[in-house]
Amino acid sequence: MKRFFLLYVMSFITMTISSQNISELYKKVNPSVVTIVTKSKTADPDRTSESIGSGVLISAKGEILTASHVVNDAEYIRVKFLSGEEIPAKVIRAAPVADLALIKLAWLPKELVVAKIGNSDNVSIGDQIIIVGAPYGLEHSLSVGYISGRESKKTRTSGFTINEFFQTDASINHGNSGGPMFNLKGEIIGISSYIITESGGFQGLGFAATSNVGIDLVIDGNMRWTGISGYLLNRKQAWLLNVPMDGGMLIESIVNFSPADLEGLKGGFETIIIDGEKLTIGGDIILSINGLVLTRSSMEKLQGINNELLKDFQQKKKFELQVLRGGFVEKITFEF
């Protein structure tokens, strides 16, 4: 009986210390977490849709790391801080293939709290983590869990993956997207990305893009934002759309005044279902970039964050595009 009582007391003390540590950690990192409100185009040109996501301030220059799908199609971005202050922002870099983006504030907030980025390679399965975000608009909500695994995922945009994700049992729901995953040192080790669900709600399978991929692609890397929301066609889809090759990047929409819009590229206007995939057609289809044809097989040459061809593309400032428009192939020069 004494032994049972001793074990109970020790367990209670351990849980109390753990909860205190989590509470202190939350207080430390929470001011660096932001809520991101965006407005995007809809099928009706006279209307916009408003969405909510999360992000984290990572530099004294006003740079915020978030998920690409939160901001990639946004016509307008507003960032809200813990203090209640709201500041407009714009996309600087984006890597839809990794669901990561970097946005920058129009000006700095009165209270500037920057989070430290950790080394995700040092994270092990079983490590405890916390996630802070705005699930269903409930800003600065905390969820606690563990690293359940490491996964990779093919994206709708690219058809291949250059990313790695942490799997976690910490709750991730709508509005959490783009929110930071912290280790117990208060370092960012991931950015909340997506969940696997049958009900539409969280079922214990959440995923966060790792911090090292974020560093390689959008923080130290140069994956520039174009304003394009696209889809890489497979062979069957290309054939059905009369594309003169086995693929191509279908431009579904373009953000107004984005680099792609200023270069005259055109998005789609009619939604159809091809091969079980909902696509918006009628816009340009990019066939090649600087001689690299955009088929799923050729795009695999860019796979891997340390790929030299990918790094070479990141450094270029001028791109020659072959574009299928209205049944004719045109050449467009794209400059950043």
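**Figure 1. Salt bridges of the predicted model.** The structure holds 11 salt bridges, and the model shown is a predicted one. One of the salt bridges joins glutamate 75 to lysine 41, with 4.0 Å between the closest N and O atoms. Because glutamate 75 belongs to strand E4 and lysine 41 to strand E1, the pair ties together parts that are 34 residues apart in sequence. Glutamate 75 counts as partly exposed because its relative accessibility is 28%. Lysine 41 has a relative accessible area of 41% and is therefore partly exposed as well.

**Figure 2. The salt bridge between lysine 61 and glutamate 63.** The closest N and O atoms of lysine 61 and glutamate 63 are 4.0 Å apart. Lysine 61 is exposed, since its relative accessible area is 55% and the exposed class begins over 50%. Glutamate 63, by contrast, is buried, with a relative accessible area of 15%, where buried means under 20%.

**Figure 3. The salt bridge between lysine 236 and aspartate 275.** Here the closest N and O atoms lie 3.5 Å apart. The pair links distant parts of the chain, 39 residues apart: lysine 236 sits in helix H4 (residues 235-240), and aspartate 275 sits in the loop between E16 and strand E17 (277-281). Lysine 236 has a relative accessibility of 48% and so counts as partly exposed. Aspartate 275 also counts as partly exposed, at 42% relative accessibility.

**Figure 4. A network of salt bridges.** Three residues, Asp284, Arg325 and Glu330, are linked in this network.

**Figure 5. The largest pocket.** About 900 Å³ of space lies in the largest pocket. The pocket is lined by 41 residues, and Ser40, Lys41, Thr42, Asp73 and Ser253 are the closest of these to its centre. Two or more lining residues come from each of the following elements: strand E1 (33-41), strand E2 (48-57), helix H2 (68-71), strand E4 (74-80), strand E12 (187-195), strand E15 (249-254) and strand E16 (270-274). By residue class, the lining consists of 14 nonpolar, 20 polar and seven charged residues. Lysine 41, listed among the residues closest to the pocket centre, is also the partner of glutamate 75 in a salt bridge.

**Figure 6. Glycine 283 and serine 253.** Glycine 283 is found in the loop between E17 and strand E18 (285-289). With a relative accessibility of 13%, glycine 283 counts as buried. In sequence, glycine 283 and serine 253 are separated by 30 residues, while their C-alpha atoms are 7.8 Å apart in space. Serine 253 is also one of the residues closest to the centre of the largest pocket.

**Figure 7. Helix H3 and its buried residues.** Helix H3 spans residues 211-219 and is mostly covered, with seven of its nine residues buried. The buried residues of H3 are Ser211, Asn212, Val213, Gly214, Leu217, Val218 and Ile219.

**Figure 8. A nonpolar surface patch.** Leu108, Leu112 and Val114 make a nonpolar surface patch of about 220 Å². Leucine 112 lies in the loop between strand E6 (100-105) and strand E7 (116-117). The relative accessibility of leucine 112 is 35%, so this residue counts as partly exposed.

Note on methods
Residues numbered from 1 in each chain as written. Predicted model: local features only at pLDDT ≥ 70, side-chain atom pairs only at ≥ 80, totals over all residues. Heavy atoms only, no water. 1 Å grid on protein atoms, 1.4 Å probe; cavity = no way out; pocket = protein on both sides within 12 Å on 5 of 7 lines; lining within 4 Å. Points joined across faces, edges and corners; volume = space filled by probe spheres on them. Helix = DSSP H or I, 4+ residues; strand = E, 2+ residues; numbered from the N terminus. Nonpolar A, V, L, I, M, F, W, Y, C, P; charged D, E, K, R; others polar. Patch = residues over 30% accessible without salt bridge, like charges linked within 9 Å, V, L, I, M, F, W, Y side chains within 5 Å. Areas by Shrake-Rupley, 256 points an atom, 1.4 Å probe, with all protein chains shown as cover. Salt bridge = Lys/Arg side-chain N within 4 Å of Asp/Glu carboxyl O. Buried < 20%, exposed > 50% of the residue type's maximum accessible area, 1.4 Å probe, protein only.
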